[in-house]
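This briefing covers a predicted model.

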Amino acid sequence: MRTGLNRTFAAVLVVSAVLIGCALGLIFLVAPEEKVMGAVQKIFYFHAWGVWWTWEAKLTTTLILWLLLAGCLLARRYAATPEQGARIGAVLGIVAALDVPIVYKAVDWWRGQHPIVFGPGKTNPLAPGMSEAFGVSMLAVLTLYLVLLIARIRLSSLEERIAELEDASGRFR
Amino acid sequence: MKSYAFLFWGYLVVWIGLVGYLASLGRRMTALARRIERLENRREA
């Protein structure tokens, strides 16, 4: 089991690194430059807003999502007992998952400053070169998520094994 | 045009942070695997 997980981890890590490299190449070499912000738009886009922060529906619902996820991590780490932390974390995780479609639909439900890129009547919203960069970037982020997930599973199983061994050695000392 | 070059440094910091985090996870996994090996050897001895 441990060897199988190690091999999966190594394979996903390599795939993730290759996809991240491809995504960066497509972003910086293939995708077109934005008119106002130039090359820097490829890493941070905000000129449509004109400000760094505004209480707009999509931004606000995203902030709520971040706070919920931060709360989830804090609950897991600082709750009085691990069981209590797991329960509070699970509730916050479910609420955060419910917030995700709200973030996505925020631009349709509450018309703010955010441009509608995907949606009805937008058959091909991305410029040539952008679709490839977008698709490969999505895959790269997905595989990076898998890398982190497998690493956490592996760490947890190792910690459990250590606890078992220490418990056993304590019993027979 | 206003310069946003500082954002590239921020971007670099994010990448360095990610690589550092992955390296720390790898180091932790190796350390735990070694500890398990020691505990298993001690149990067998």
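The largest nonpolar core consists of six residues: A:Ala23, A:Leu26, A:Ala31, A:Ala133, A:Val136 and A:Ala140. Such a core is a set of buried Ala, Val, Leu, Ile, Met, Phe, Trp, Tyr and Cys residues joined through C-beta atoms within 7 Å. At least two residues of this core come from each of helix H1 (2-30) and helix H4 (130-171) of chain A. H4(A) gives the most to this core, with three residues. In soluble globular proteins, nonpolar side chains tend to be buried together.

**Model and numbering**
- This is a predicted model, in which local features need pLDDT of at least 70 and side-chain atom pairs count only at pLDDT 80 or more, while totals for chains, interfaces and linings use all residues.
- Residues are numbered from 1 along each chain as its sequence is written, and chains are lettered from A and ligands numbered from 1 in the order in which they are written.
- The model has an ipTM of 0.82 and a pTM of 0.78.
- The average pLDDT (the predictor's confidence in each residue, from 0 to 100) of chain B is 87, and 96% of the residues score at least 70.

- Chain A has four helices and zero strands, in the order α-α-α-α from the N terminus; helices (H or I, at least four residues) and strands (E, at least two) are DSSP runs, numbered from the N terminus.
- Of the 173 residues in chain A, 8% are buried, where buried requires 20 or more other C-beta atoms within 10 Å of the residue's own, with C-beta atoms placed from the backbone.
- Among contacts in chain A with a separation of 6 or more, 71% join residues 24 or more positions apart; a contact needs C-beta atoms, placed from the backbone, within 7 Å.
- Leaving out residues up to four places away in sequence, A:Ala140 touches A:Ser16, A:Leu19, A:Ile20 and A:Ala23.

**Chain A: domains**
- Domain 1 of chain A covers 1-45 + 124-173 and domain 2 covers 49-114, with bounds from an automatic or database domain assignment.
- The centres of these two domains, taken over C-alpha atoms, are 22 Å apart.

- Helix H1 (residues 6-44) of chain B has 39 residues and spans 57 Å from first C-alpha to last, close to the 57 Å expected at 1.5 Å a residue, counted as 1.5 Å times one less than the number of residues.
- The contact between the chains takes 16 residues from chain B and 16 residues from chain A.
- On the chain B side, 11 of the residues are nonpolar, none polar and five charged; Ala, Val, Leu, Ile, Met, Phe, Trp, Tyr, Cys and Pro count as nonpolar, Asp, Glu, Lys and Arg as charged, and the others, Gly among them, as polar.

Methods. Contact = placed C-beta atoms within 7 Å. Buried ≥ 20, exposed ≤ 12 C-beta atoms within 10 Å, placed from the backbone.
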